Amino acid sequence: MDLNAIAFQLILGIASAMLYWIVSSGLTFTFGVTRVLNFAHGAFYMLGAYFTLSFFALTQNYLLSLFLGAVIVALIGAGCERGLISRIYGLPIPFQLILTFGLVLLFDDLVRIFWGSVPKMMPAQFIGSINVFGRILPVFSLYLIFAGVAIALVLYFLLSKTDWGVEIRAITVDPETAMCSGLNPAFLYATAFMFGSFLAGLGGGLYLPISSASPGMGEHIIIYAFIVTVIGGLGSIKGAFVSALIIGIIESLGALFVPWMTIALPYIALSAVLLVRPEGIFGEE
Amino acid sequence: MAEMTRRDFIKYAAALGIGLAVGGGIGYSLRKPEVQVVKEGVPAVGEKIKETIKIGHIAIFSGPFSTYGELQKRGSLLAMEEINKAGGILGSKVEIIYRDSAAKPAEAVKQVRSLVESEGCDFIIGIDSSGVVLGVAEVMPEVNKLLFVTHAATHKLTEELVYKKGIKEVFRIAVPVYQDGIMAAFIASQLPATKWACVHPDYEYGYASWELFQKTLSKLRPDVEFVGEAWAKIGTTDFTPLISSVMEKKPDGIHTVEWGVDLFTFVRQAKQTGLFDAVKYDGGYAWINPMGYSVDAMEALATEYPENCWISGRYVWMYPDTPLNKKFVKAHIDRWGHFPAYSGETSYTAVYLIKKLIELTKTLDVDTHIKALEDMVVFSPAGARYIRKEDHQAMYEVPYGQIKHDPNYSIPVLTNLQAVPAEEYYRHPPFEDMPPYKDLYKKVMAKA
């Protein structure tokens with residue numbers, strides 16, 4: 001096996017990782033702030049793909065449609081938080097699971113009603129490829145890496161350089177003191193949930209041009225997002241980024257060296273982390 | 001297309017009458033079925049067997065593969081509407097109750113019990129996935145109803161559960177993985193490719209198909225090698241690492257049984273990563289995708305699926321060229337605005353088979369039905385189906401063809417159709433070896 005093959009596989013692994021990262025970033029961010037484990041995150045991802053699809057049909061402009069799609073999903077997310085999820089803060093975890101799982105079923109069926117049950121595709125974007133290490137690297141892999149890194153930088157900037165980010169961090173670390181200092185938890189929880197939904201919608205819209213939109217498409221990715229989130233540490237954004245990279249890369253190298261067990265690798269990694277460090281790589285006890 | 005079939009329809013409908021013809025296999029090449037004689041349990045004239053004949057239809061109606069439930073429903077609902085419009089079954093109305101298997105064995109088993117015990121269903125049809133069907137088959141003797149499988153393809157169902165274990169309540173209407181593995185290898189044997197690799201979904205269906213493909217092809221073409229494999233989890237979002245790991249092995253032929261949404265992702269990404277180019281030959285692509293000709297795939301991918309790839313289904317609407325098939329395609333398009341999917345045809349046939357079964361036996365007795373079905377020949381849109389006694393597998397052939405983008409049709413069509421009689425590529429009891437290769441090789445080569 002020559003080194004070029006391994007290096008090339010590494011690049012592809014990083015690209016795959018970026019989709020896991022984008023979806024888990026919103027999931028872990030929402031959990032970090034609101035302590036709600038949002039099963040509906042996958043449904044928001046699906047909605048992001050469908051709204052992007054529809055806006056693209058109207059505007060024929062992919063980037064604009066992507067942004068508009070994510071904004072609509074953010075608004076839907078905010079509506080869900082205010083109308084439903086905010087009512088179960090503080091209740092035992094099973095309430096969250098039942099409610100957010102109910103949203104999954106609701107949105108899946110709404111998608112079926114409005115867009116039909118047959119999966120839909122938009123015209124492929126980012127067509128073409130470049131030569132790297134004597135192999136064909138599709139442009140869309142580069143696009144995934146670019147999008148993933150851009151989202152990481154935006155998140156970093158928002159959380160460390162803006163007032164909103166500082167307040168979000170404050171209420172995450174110590175809700176009581178934050179409230180005593182005059183922060184409005186309802187506003188912060190709602191905007192955090194909205195932003196998490198925005199990231200989910202963005203993930204679906206980013207994924208659309210390299211695949212398709214289908215009812216229930218969030219079901220598979222959400223499992224991966226949970227694995228990534230748990231490995232990285234629930235609520236840790238840095239952890240999600242690192243653990244998405246780990247999963248993407250071991251899957252990619254696994255395909256090259258041990259194709260028959262590729263499917264098991266993320267679960268092996270998950271078990272290993274849970275055994276050695278149950279709170280996750282960057283998690284707090 | 002619509003105009004064309006409408007004319008055909010009028011022409012043929014008069015000659016043909018309505019419904020499927022079931023009977024002794026006169027002129028049917030496979031084997032002479034025994035003559036069916038029905039003696040007992042015949043109700044008096046004018047007496048209904050049951051007010052409403054209830055059929056439980058279990059398929060995937062939720063999640064990423066929910067299209068497959070929808071495609072099946074189009075077929076069975078169409079059959080039900082046609083039958084009820086024409087007076088039902090011996091005067092009884094037909095009612096179909098749809099239930100979601102959620103692609104989970106335990107859930108499907110629960111639905112079977114509920115359909116039989118609470119809803120009073122007389123038959124169960126459907127079941128999409130190989131993993132699910134093995135669980136469901138086991139409970140059929142216990143609930144004492146017949147199951148007509150319309151999609152799930154693992155050969156273990158008919159070979160092991162029906163033939164070896166003796167679960168007689170299970171029948172399969174759809175062609176099993178013989179289509180995906182063995183028939184695929186027949187096509188592969190005619191292509192110049194000598195280094196085959198696979199990209200398969202990582203579960204029962206993928207393994208069964210690849211195993212049969214390799215076994216068959218290595219006998220038909222001793223010069224081929226199997227150079228690489230990639231196993232994709234269901235719901236793979238990025239196939240590129242899998243594709244590149246296979247391309248490292250420099251294959252010149254690809255066998256893939258990806259289906260549903262995963263197939264869309266795979267084809268789109270394979271195009272950008274040069275996998276199609278790697279398997280190109282003079283005359284097409286050495287790319288064999290047994291379930292590629294599914295209506296959902298053709299509608300979603302449309303012209304993005306490269307022309308001249310080799311694909312098939314468990315039925316393709318343009319084959320066979322019979323009045324019955326044309327009538328079905330026309331009725332399906334009129335009712336739903338879509339071409340019939342393969343599982344639509346199998347579901348449609350399952351409902352008509354139940355109709356003919358009751359008309360023939362005039363009873364709802366399960367044992368009588370089993371006896372009547374064994375060795376029966378059914379004329380269906382997909383052609384004559386012979387229900388083999390030993391394993392309860394309906395035998396009929398489905399061709400492979402090369403994709404062509406024809407502006408006259410709303411979805412790509414298949415050209416250069418290649419079919420082999422079912423008898424020659426289905427495995428035979430006691431299922432210890434592959435079909436008889438010697439003659440076969442000659443036949444396949446003579447054709448090529």
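Which residues in α3(B) meet residues in α4(B)? Here is a friendly tour that starts with that pair of helices.

## About the model

This is a predicted model, in which local features need pLDDT of at least 70 and side-chain atom pairs count only at pLDDT 80 or more, while totals for chains, interfaces and linings use all residues. Residues are numbered from 1 along each chain as its sequence is written, and chains are lettered from A and ligands numbered from 1 in the order in which they are written.

## Two helices in chain B

From α3(B), the residues B:P105, B:A108, B:V109, B:V112, B:R113 and B:V116 meet B:G131, B:V132, B:G135, B:V136, B:V139 and B:V143 of α4(B). Contact here means that C-beta atoms, placed from the backbone, lie within 7 Å. Helices are DSSP runs (H or I, at least four residues), and strands are runs of E of at least two, numbered from the N terminus.

The axes of α3 (residues 105-118) and α4 of chain B come within 8 Å and cross at roughly 30°; axes are lines fitted to C-alpha atoms, for helices over the stretch in contact, and angles run from 0 to 180 degrees between N-to-C directions. The two helices are therefore roughly parallel to each other (angles under 35 degrees count as such).

## Domains of chain B

The domain assignment, automatic or from a database, gives chain B domain 1 (2-172 + 319-395) and domain 2 (178-313 + 412-447). Between them, 23 residues of domain 1 are in contact with 21 residues of domain 2. On the domain 1 side, α2 (67-85), α4 (130-143) and α5 (155-164) of chain B each give two or more residues.

## Where the chains meet

Chain A brings 41 residues to the contact and chain B brings 33. On the chain A side, α1(A) gives the most, with eight residues.

How values were computed: Angles under 35 degrees count as roughly parallel, over 145 as roughly antiparallel, 65 to 115 as roughly perpendicular and the rest as oblique.
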